[in-house]
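Welcome, and thank you for taking a look at this chain. Here is a short tour of a few of its features.

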Amino acid sequence: MNRLKLAASLLALTIAAPALAQVQPVATTAPTAQGGANGVVLLRDPTDPKKSVIAASAELAGLEFYSLDGQRIASVPGGEVEAVDARDDGARAILAVLDSHAGGLRLFARDYASGQVTALNAKPLALGYSGEGLCLHRSAREGALYAFAMGRDGQLDQWLLYTTEGGQMDGRVVRRLRLSSEAKFCVADDATGALYVAQQAVGIWRYDADPEAEPVPTIVDINRLGHIKGEVGGLAVIDGGAGANYLIAANTDAGDYNVYDRSAGDKFLGGFKAPAVAKPSALFGVRAPVGSSLPTGALLIADDRKQGAHSQVLSWADIAAALKLPTGVDAPPAPKSKVALVHATMETVPVDHDGDAADDPAIWVHPTDPGKSAIIATDKKGGLAVYDLSGQRLQFLPDGKMNNVDLRGGFKLAGKTVTLIAASDRTHKSIALYTIDPDTRQLTNIADGVQPTNLSDPYGLCMYRDRKGGTFVFVGDPDGLVRQWKLTATPAGKVKAEAVRDLRFDTQTEGCVADDETGALYVAEEDVALWRLGADAKAGQAKKAVAKIADNPALKDDLEGIGLYAQPGGKGFLVLSSQGNNTYAVFRREGDNAYVGSFAVTADGAKTIDGISETDGLDVTSASLGAGLEGGTFVAQDGRNISPPEHQNFKLVPWSAIAEKLKL
């Protein structure tokens with residue numbers, strides 16, 4: 001094609017490009033009393049939507065409230081309010097504002113019936129940087145309220161907001177993300193847990209709003225290469241259910257608004273213009289009737305014009321009609337999580353090494369004083385640690401890169417009955433062996449020299465004591481081989497290991513646990529299933545799937561640590577780490593190991609203990625560990641120790657809390 005024909009074709013395309021539909025506002029608020037219009041939110045009265053009000057930031061004028069026809073009806077002066085968001089809280093709305101003068105977050109409650117606004121801050125919530133914007137998120141799974149605060153230099157902090165005993169609200173940072181440049185606008189969808197962030201000079205990113213989720217962003221749209229022309233501005237979500245779930249973004253430099261299909265991976269659907277808006281700032285969307293002029297909800301746009309800054313109210317019905325989009329339903333049902341939620345009551349001090357270092361714990365029960373029990377745990381970048389029940393470290397042995405650890409009592413050694421501890425030592429490709437002193441809770445190496453495994457990389461490990469008193473250890477290799485060893489005492493008071501059986505799996509295994517009473521061995525093949533085999537050395541290769549990832553939607557790979565909560569008469573439960581969704585699946589010990597349910601460990605703001613995520617190893621015991629732990633204990637590795645951001649550690653949950661939530 002010659003240049004003239006090419007130019008003609010491009011001109012034809014330009015001429016043929018349809019003009020964007022224009023949508024006019026149905027209401028305009030009065031100008032702010034002093035300052036710009038940077039943030040806006042609609043507080044929808046659930047009992048009488050016609051009495052809903054608009055809340056907007058007004059910089060030096062503070063926080064202002066308007067009726068649906070745009071008349072100013074109230075204000076909360078003070079500070080310099082740059083942004084605002086809100087969430088329904090029964091008979092009231094909870095509002096969070098970004099006060100750039102105070103350099104932090106201020107929290108309010110507005111009663112729907114009386115209109116009274118009450119300050120809620122139990123203490124100042126200082127950001128520590130120049131704040132630019134915020135948005136709120138109410139977790140559908142746990143009901144927790146979070147605030148995302150953004151800074152001038154790309155800061156993106158997630159705060160957990162919680163009610164104090166006095167009825168006020170406090171907060172603490174539970175996750176810190178980082179962008180390469182300034183971001184001022186974000187929006188979170190409570191139903192799906194999606195967080196959208198507008199990085200002004202780059203584009204729109206999507207994160208998982210769960211603070212324990214992998215902090216990996218997905219690009220939704222990008223400047224110049226996508227449908228963003230220059231800077232991206234405010235964001236809003238309009239959720240009308242499946243097939244009518246939308247993201248709206250202010251395409252600021254182009255002077256229009258992009259619409260994306262959230263039901264189809266945020267696919268770009270088109271755009272529209274709002275010519276009455278001179279300088280769009282924050283957006284806010286609601287998909288529910290708000291009076292006769294807003295039958296299917298509204299899109300609010302803060303118009304940060306130089307003179308007379310205010311907010312515009314557009315009907316979602318008008319926007320959907322202009323783009324020929326379905327409006328969906330008023331209140332799409334949000335699927336309720338079946339995962340039980342519990343809090344940790346203790347966490348250990350972090351391990352010394354950074355990155356993926358902590359891995360697997362084992363609970364040692366003191367023979368006479370349960371309160372003096374201990375947690376023995378691995379730092380796979382350096383050694384083995386012993387912690388007391390308050391989480392303080394009692395000992396650290398830098399003996400090698402210990403991956404997994406387990407223990408068994410009743411071992412006869414040098415004329416005494418001891419507890420034997422075994423760990424997979426990746427440095428020496430061996431089995432590390434120790435005993436523990438009940439008085440000092442210190443470990444002593446009692447291996448008869450290096451006990452080589454002849455494996456490429458000793459990985460998973462668990463122990464087994466048969467009914468005849470024999471003690472065994474299983475050690476896994478990443479290639480799917482699991483080797484069984486018998487542990488025996490030497491005349492010199494040491495312990496040696498002798499290989500007695502090899503088990504083969506198709507892919508990598510790690511977590512395993514043996515049931516001494518029933519003789520069952522449970523092995524987690526990470527990407528496939530939880531298997532049950534015979535633990536006896538002569539049991540052979542036969543195995544049966546307890547649960548396959550493909551068959552149980554509660555499981556998401558990797559399957560990692562597994563523990564046994566043993567009760568009398570063969571009763572009890574198996575607990576399995578479902579690492580891919582940060583939950584723990586519980587199965588019955590007896591019969592065919594029926595699936596009971598799953599639980600997750602979430603953050604407790606008041607106790608300043610974050611949740612547990614990306615768990616590798618865990619252990620559980622039905623033995624009493626003293627006051628508060630009479631019904632046993634669950635301990636797990638926290639792969640993402642986020643609040644405050646520290647090296648990995650281990651966290652403890654009373655079994656009674658798990659049993660209550662799962663009705664065990």
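Predicted model: local features only at pLDDT ≥ 70, side-chain atom pairs only at ≥ 80, totals over all residues.

In soluble globular proteins, nonpolar side chains tend to be buried together.

Next comes helix 2, residues 316-323, where Trp-316, Ile-319, Ala-320 and Leu-323 are buried. Viewed down the helix axis, these buried residues fall within an arc of 95°, so they line one face of helix 2. What do they pack against? The table lists the strands that meet the buried residues of helix 2.

| Strand | Residues |
|---|---|
| strand 20 | 235-239 |
| strand 21 | 245-251 |
| strand 22 | 256-261 |
| strand 23 | 267-273 |
| strand 25 | 298-303 |
| strand 26 | 310-315 |

Ser-315 caps the N-terminal end of helix 2, with a side-chain oxygen 3.2 Å from the backbone nitrogen of Ala-317. Just after helix 2, Lys-324 adopts a positive phi of about 55°.

Finally, an open sheet is built from four strands in the order 33-34-35-36, with antiparallel pairing. Strand 33 (402-413) and strand 36 (443-445) are its edges, each pairing on one side only. Within the sheet, strand 34 (residues 416-425) and strand 35 (residues 430-436) are joined by six bridges, and Ala-423 stands opposite Ala-432 in strand 35.

Note on methods
Residues numbered from 1 in each chain as written. Heavy atoms only, no water. Pairing = 2+ DSSP bridges. Helix = DSSP H or I, 4+ residues; strand = E, 2+ residues; numbered from the N terminus. Buried < 20%, exposed > 50% of the residue type's maximum accessible area, 1.4 Å probe, protein only. Arc of directions from axis to C-beta. Contact = heavy atoms within 4.5 Å. Polar contact = N/O pair within 3.5 Å; in protein donor to acceptor, adjacent residues only side chain to side chain.
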